[in-house]
Amino acid sequence: MEVKADMVGIVNKMLVKVGDKVEENQQVAAVESMKMVVKVPAPVSGTVKEVKIGEGDFVQEGDVLIVIE
Amino acid sequence: MQWFSVSLYQQTLSVRGWKAARQPVVLTVTPSTNDVARHHMAQGVCTGTVVVAREQKAGRGRMERSWASSPGGLWFSLILRPQRSPEQVVLLPLTVAVAMASALTDATEGLPIGLKWPNDLMVKDKKIGGILMERDGHGLVVGVGVNVNQRSFASLLDQKAISVFQLTGTEVSLERLLAGSMNAIYRYCREWEDDGGQATLEAWRHHSVTLGREVRVSLPGRQVKGKAIDVDDGGSLLVDTAEGTVRITAGDVTLLRQA
């Protein structure tokens, strides 16, 4: 399952790494745009398979942040 | 002695739609009013709930930078639950900035407040206030910090920050300023709900100290330099550069010189 940014912005926090177990709704990242920090939750429980973006990276709406399996 | 008079605040408050606003959560010292507000939001409190503190020990701005929050300033966080899409909510940082500029001008009998994109409150190119929002689903914490009655700042900060007292020599009631801020935020949020933010954008342009200025925008791994020419319908800053117009949605804006 891909976790995507729902708005353009800069990745403010990346809270997980490959191999981490996450629960549904657990915050996995935060994206900041126009001084609004948006919490990114895990849509499902599982294990982080890929982290595609790092802190400080710029993302467009729809960009994949992490992949959970 | 209680540092904040709730009855004085209530006398000035005219918000009718947010019942929770009448009973603020008043704290003396807290790490961050945003953290407390986020905790309350998770408990399901109503829109309009506001947390105010005399002092924050770990106040912060964007990208987790620390924000000095000593006694004398107004430090508060408001909980909103706008039932709008993320594309529409993105204008709220500008809406709150316009509201705070209006509230501060009213409370100081006319001090003109400029807005640096997206929502820094400025006087004489120094920062008098800032806003940081945190969104979790449909819940929104609106964190506001205003330098009000501080006599001075630490030397490093003194170059960049200024307070109402330093400008006017007059103390402002924090209770009345908080109530006036809530009144203005409520009023501008209602406008935003009615017209999708068009009035916000017009008012923001009116207060702007960014448009018409040469700016430098710091983005991850690169910088954009040019003249800030407008904000678009989504609140993004449009910067005219040698390579054409660049649309800025995030990043640090530095004002380079007067136009």
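Q: What does V38(A) stand opposite in β6(B)?
A: In this predicted model, V38(A) stands opposite R135(B).

Q: Why are β5(A) and β6(B) called paired strands?
A: Pairing needs at least two bridges between the strands. β5(A) and β6 (residues 126-136) of chain B have three bridges, in the parallel sense. So the two strands count as paired.

Q: What makes the meeting of D120(B) and K35(A) a salt bridge?
A: The cut-off is 4 Å, from a side-chain nitrogen of Lys or Arg to a carboxyl oxygen of Asp or Glu. Here the N to O distance is 2.6 Å. The pair therefore meets the rule. Across the interface of chain A and chain B, three salt bridges are found.

Q: How is the size of the interface of chain A and chain B expressed, as buried area?
A: An interface's size is often given as the accessible area lost when the parts come together. Between chain A and chain B, about 2000 Å² is buried. Carbon and sulfur atoms give 61% of that area. On chain A's part, M34(A), K35(A) and M36(A) supply 44%, more than any other three residues.

Q: Why is one side of β11 and of β12 in chain B left without a neighbour in the sheet?
A: The open sheet runs in the order β11-β10-β9-β8-β12 (chain B), with antiparallel pairing. β11 (244-248) and β12 (252-257) stand at its edges, so each has a single partner strand. From one strand to the next, the twist averages 45°.

Q: How do you know that β9 and β10 of chain B pair?
A: At least two bridges are needed. β9 (residues 222-231) and β10 (residues 237-241) of chain B are joined by four. They therefore pair. K227(B) has D240(B) as its bridge partner in β10(B).

Terms used: Residues numbered from 1 in each chain as written. Chains lettered and ligands numbered in written order. Predicted model: local features only at pLDDT ≥ 70, side-chain atom pairs only at ≥ 80, totals over all residues. Heavy atoms only, no water. Axes fitted to C-alpha atoms, helices over the stretch in contact; angles between N-to-C directions. Buried area = accessible area lost by both parts, 1.4 Å probe.
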